[in-house]
Amino acid sequence: MAANRRNGMHPSEPGLVGVVSAAMALPRMSLPTVATVVAAVAALYFGREVFLPIAIALLLTFALAPLVSALKRVGIPRLPAVIASVLGAFTVLALFSFIVATQVSELAQNIPLYQSNILTKVRSLKETGVGGGVIARLSEAIERVGQELDRQETSPPAADQPRREPVPVEIIARERPLQVLQNLIGPLISPLASAGLIVVVVIFMLLEREDLRDRFIRLVGYGDLHRTTEALQEAGKRVGRYLLMQLVVNIVYTIPVTAGLWVLGIPNALLWGLLALALRFVPYIGPIIGALLPLFLALAVAPGWSLVLWTAGLFVAMEMITGNIVEPWLYGSRTGLSPLAIIVAAIFWTWLWGPLGLVLSTPLTVCLVVLGRHVPQFEFLDVLFGNEPVLEPHARLYQRLLAGDPEEATDHAEEMLEEKYLFEFYDKVAIAALLLGEQDRVRGVMGDEQRRRVAASAQMLVANLDDSAREEAEEDDDPATAEPAPADKDKQAQAEGEDDTELPDGTEMSVLCAGGRGELDDAAAAMLAQVLEVQGATVSKASFADMDPTGIRRLELDAVDTVVVGFLNRDSVKHARFLVRRLKRARSALRVGIVFWSKDGDDKKTEVEWTNDINADFVAFGMVEAVLGALSSDPPVALKVAAKRRMRRRPRPARKAPLAAAK
């Protein structure tokens, strides 16, 4: 199988405590940060009359900034470009509001015409018994309450009380013309004032955009210009792109919906289309509200139920097309927010600023996530609301194995196998996860039960990936899919730190994979065995318990070409040396390899020294090296005879002759 693997520099392994703490721990909020967040939320809540127009103006500035830049590139000066952009945007908004208001007024006048159709549907529901008599019970209860109220109001007067004649009352309105004008214009003053304030703020923000940027950098990030500039650019780009793409998506959604409602005969189809366009800016619940209103009208327009079903089918079809085709094609998940973060943000900003806060929730949260991504004090915002994984793949896999959940671990593995080969996943992710488990075992935080659970979950993961391994082997056997990489791709792979190492064919070769000293070593050996099977080799497996002197004698080694024993613990050199001797003594023509699994595949400089010291045929430190050594056709290395140590005997003192003999 020809495959590309990453062979660049890897981060060095941290200490035993540092690995797990760095991989599993989340950033913690310090006490000043909590106080700052609470104070900021309180200020936003109590000062919403001031901050809400500024927030709307800021988001409109992000949205209109690309248009102003485009007009400037054409040759229009800054001031005319800003004024034209702002006036154009607010003219569109005013026209939108006027059309909606006109359509709503027309709809209000026609509502009495739909009353008979609604009553007809209610009677049909009562006749068919839909709802288990709930409608009948509610109607009876309402009638009883109304009869009781009428009985109390029309009760006859007492006999001893004289009957009073009704006194005629005449109401004379004495309002002045100025007061009438004030009553009419008063409710409109606040919205118009807010709109005017937003227009002015947007104009000045667009005119002084560079100056405001420099002042913000001087205020919060003068010590790190690079990070602050990157944060501002990313925030403006993400928010502007989100608003623009969302507008395009809504327009693409609105045009077919409006045309469909008009064809179906729904009154005021333009109104429902425009409302759907606006409500789709509200996450999740906006499209539902935009669909319910035409459904209610379809219920009132026609006496039957077919129009309601056709209207519902129209909205469902458009939601499916928009959500699965249009949105991923245009912008996908470029907001950088997780789905749960969007829901939480919608709840928070609605509580803070009401319905307008709900509309602004997504772009405002995007700004907060960008702030957390570039400012260390607010890193918790990116961790909580961002869509980037907060754990490295190997740490995430180890957490699932530690929890005894191989099914979710398999799901993550299959997602990665869509872009990686099986040996790459095992080498970079799975073996690194087992190394975390071995480090926990060494430092005494993993008990026997946990170790066995992690090993069993890893073995189950390997078993679940049998189908993926089989598919990969079939693809390699198919000559149509095994195309040589072009020269430009080879250059790109070398530039990115990849190596186009070709793994050898293992056909007609037999390999025994065994664990060295524990259950976790057995799991790593099972991963190596599956990779060798993909290469076409005949593979058998043995556990670490089979590697004791008694177990080695019971192994059937006559048909085995190579035995590969793996160790996750680097301090197993002596044990590896003993295993090599025992295996070589059991069968002298056997090739024996030792794998000291490591995350970064180090110690290559001392590989020859390790091989000579252990007397193995090869010593590997990663998955690729282990496969190359196991499928090598080199002759086996002869077992070195250990030099026997001769005991140094002290010279015996000369024996003295007996005194009688001397005489």
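Start with Asn 569. Apart from neighbours within four places in sequence, Asn 569 is in contact with Glu 438, Arg 441, Val 442 and Phe 596, where contact means heavy atoms within 4.5 Å. Asn 569 sits in the loop between β5 (562-567) and α24. Helices (H or I, at least four residues) and strands (E, at least two) are DSSP runs, numbered from the N terminus. Take Val 442 from that list: Asn 569 and Val 442 are 127 residues apart along the chain, and their C-alpha atoms are separated by 8.7 Å. The side chain of Asn 569 also reaches the backbone nitrogen of Asp 571, at 3.0 Å.

Before going further, some ground rules. This is a predicted model, in which local features need pLDDT of at least 70 and side-chain atom pairs count only at pLDDT 80 or more, while totals for chains, interfaces and linings use all residues. Residues are numbered from 1 along each chain as its sequence is written, and side-chain values use heavy atoms, with hydrogens and water left out.

How confident is the predictor? pLDDT is its confidence in each residue, from 0 to 100. The protein averages a pLDDT of 75, and 69% of the residues score at least 70. Over residues 481-499 the pLDDT is below 50, and this stretch has 17 contacts in the model beyond near neighbours in sequence. Residues 657-663 are also below 50, with zero contacts of that kind. Where pLDDT is low, the predicted coordinates should not be read in detail.

Now the salt bridges. The rule is a side-chain nitrogen of Lys or Arg within 4 Å of a carboxyl oxygen of Asp or Glu, and by it the count comes to nine.

One of them joins Arg 280 and Glu 319, with the closest N and O atoms 2.9 Å apart. This pair links distant parts of the chain, 39 residues apart: Arg 280 is in the loop between α10 and α11 (285-301), and Glu 319 is in helix α12 (residues 306-330). For burial, the cut-offs are under 20% relative accessible area for buried, over 50% for exposed, and partly exposed in between (1.4 Å probe, protein chains only). Arg 280 is buried at 8%, whereas Glu 319 is partly exposed at 27%.

Another is between Asp 617 and Lys 584, at 2.7 Å between the closest N and O atoms. Asp 617 lies in the loop between α25 (607-614) and β7 (618-620) and Lys 584 in helix α24 (residues 573-586), so the bridge ties together parts 33 residues apart in sequence. Asp 617 is buried at 12%, and Lys 584 is buried at 3%.

Then there is a network of salt bridges that links Arg 400, Asp 405 and Glu 408. Within it, the side chains of Arg 400 and Glu 408 meet at 3.1 Å, N to O. Arg 400 is buried at 15%; Glu 408 is partly exposed at 31%.

Where do the buried residues of α19 lie around its axis? The residues in question are Arg 451, Val 454, Ala 455, Ser 457, Ala 458, Leu 461 and Val 462. They cover an arc of only 160 degrees, which puts them on the same side of α19; the arc is that of the directions from the helix axis to the C-beta atoms.

That's it from me.

Terms used: pLDDT is the predictor's confidence in each residue, from 0 to 100. A polar contact is a pair of N or O atoms within 3.5 Å; within protein, one must be able to donate a hydrogen and the other to accept it, and residues adjacent in sequence count only if both atoms are side-chain atoms.
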